[in-house]
Amino acid sequence: MNAPTVAPPPAPERPLPAPTRESQPHWDGMREGRFLLQHCSACGKVRHYPRPVCPHCFSMASEFKEATQGGAIHTWTVCHHPFNFFFKASAPYIVALVDMDAGVRVNAPLRGVNEADLKIGKRVRLGFEPVNKEVTLPFFVSD
Amino acid sequence: MAHPLREAAAISGIGETAYTRGTSKSALALQLEASLAAIADAGLSPRDIDGVVPYFPGGGIAEDFIASLGLPDLKLSLFVPVGGATCVAAIQSAAMAVATGVCNHVLIAVGRTGYSGARVSTRLQQFPQFALAAEFEAPIGMFAPAQLYAQGARRHMELYGTTTRQFAEVAVVTRQHAILNGNVVMNKPLTVEEHHASRMISDPFRLFDCSLESDGGAAIIISRADRARDLKKPLVTIMGVAEGHPESPASIAQRPDLLEFGLVKSAPRAYEMAGVGPKDIDVAEIYDCFTFTVIRQLEILGFCKTGEGGPFIMDGRIGLGGDLPINTHGGLLSQGHVVGLNHAIELTRQLRGEAGRAQVKDAEVGLVTGYGDMGDGSIAILRRAA
């Protein structure tokens, strides 16, 4: 009699963004390797993450414009415990919160930098990593 | 003129289940068990409850309370969905309800299977408050509060020189207090060395900087002050209470100042309503989802200046017998995680003189905070009435 076979557990899946009607243009831009940010059509102010109304002038009209990819580290963490097992293989990984020159913040993995070299104000640059046909995610490298 | 809510309401009953890791009971059962204990503590009948604020999500909803307790005429069913700020913010809502005569006795209740059920740290992404973090941050590997809050802690360390030794002080003192309480998950002493040797979760947070995932229930009853005076236990009134919401409440990453929590707005309002200041506080129960969160809240509360929270908590100041004893029950770090309702319960116990071995001598005025989701902040200032 054969021993019952046990299927291996499914590989953990990467959590993926579920774009909303507001954020879809941003994710479309990421897929094309362009960092698109939402600007108010009335007062011109930038906002991130995408939202339906401008909190400054309350206009509901907005447009997405390509922004520069440089920024400076605001703070960071080094993730050791993988709260989602997809990230177990890459732990520990640095996640830098960056003050983009474009006036918003982006949180993304910082690659190729030693923990000892991290400091507030360190210059970094945004990169684009396609994870499937639809989704491209951001990361940072030292500038 | 004094604020109309000042001392208009009281905490008339408190109740808790055992705090454990592992239970066969449902979250609703734990919530009802704690509720019945609080009702008995007040000397009321379940039929007297006419307002319910269940912690949401998790546990039961008002309909469950009507059906389980046979409530004849529930007049108020309310959710206050601001995570860890919920329980203390709910005290404001309940105080409003009893002060205006809408209700007589409002029950605030938590039931949680945070250890034996779905683990809290991974479940949060399903809450609507976390939708933006789920869309923009979870895919790049930032899920849990330990990760999202770590960046603020790191910034405080870089700007002000706050140290892991200071984080450890919060963990160690809180554990000392837990051992005095007895109804706690963590009942063995913790040393600074053990804190430093515990595994890194999300730098700068180590395991012992993080609150517990545990099972348990907790409940309190808010009554109009003049009615509470005639009930079973010593009168503990609500002098001041407030909730506050930070800028960019759904994303810490986009907040202009990561270290500005909702408490920056609510604390001054609560002090003003109460007519007291930090110098008048005999004991403080501070929401301790993480050790650092305690340090920063003490700054915001005005016990010290911004940047001085680390040195402030050292040298015995926050232990029993110190200038400002905090988390005299063991908090979320060592007692159990019932979203901070255990903090309000402990403060009530301290002001009644029922805190046993953890009793702060002559405690008359105390404060309790809640800290929720991405930084919502609630506060209540309570007093032992003459």
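Trainee: What radius of gyration does chain A have, and what would a compact globule of 143 residues have?

Mentor: In this predicted model, chain A has a radius of gyration of 19 Å, whereas the rule for a compact globule of 143 residues gives a value near 15 Å. The C-alpha trace, for its part, spans about 75 × 40 × 25 Å along the principal axes.

Trainee: What makes His26(A), Trp27(A) and Met30(A) count as buried in α1(A)?

Mentor: A residue is called buried if 20 or more other C-beta atoms lie within 10 Å of its own, and His26(A), Trp27(A) and Met30(A) are buried by that criterion. Of the 143 residues of chain A, 30% count as buried.

Trainee: How do you know on which side of α1(A) these residues lie?

Mentor: They cover an arc of only 95° around the axis, which puts them on the same side of α1(A). In general, an α-helix has 3.6 residues a turn, so residues three or four places apart point the same way.

Trainee: Which strands do the buried residues of α1(A) pack against?

Mentor: They pack against β1 (36-40), β3 (62-66), β7 (123-130) and β8 (136-142) of chain A.

Trainee: What does α1(A) give to the side of domain 1 of chain A that touches domain 2 of chain A?

Mentor: The domain assignment gives domain 1 (21-67) and domain 2 (69-143), and their contact takes nine residues from domain 1 of chain A and eleven from domain 2 of chain A. Helix α1 (residues 24-31) gives the most to the domain 1 side, with three residues, and that side divides into six nonpolar, two polar and one charged residue.

Definitions and conventions. Residues numbered from 1 in each chain as written. Chains lettered and ligands numbered in written order. Predicted model: local features only at pLDDT ≥ 70, side-chain atom pairs only at ≥ 80, totals over all residues. Domains from an automatic or database assignment. Contact = placed C-beta atoms within 7 Å. Helix = DSSP H or I, 4+ residues; strand = E, 2+ residues; numbered from the N terminus. Nonpolar A, V, L, I, M, F, W, Y, C, P; charged D, E, K, R; others polar. Buried ≥ 20, exposed ≤ 12 C-beta atoms within 10 Å, placed from the backbone. Arc of directions from axis to C-beta. Rg over C-alpha atoms; globule rule 2.2 N^0.38 Å.
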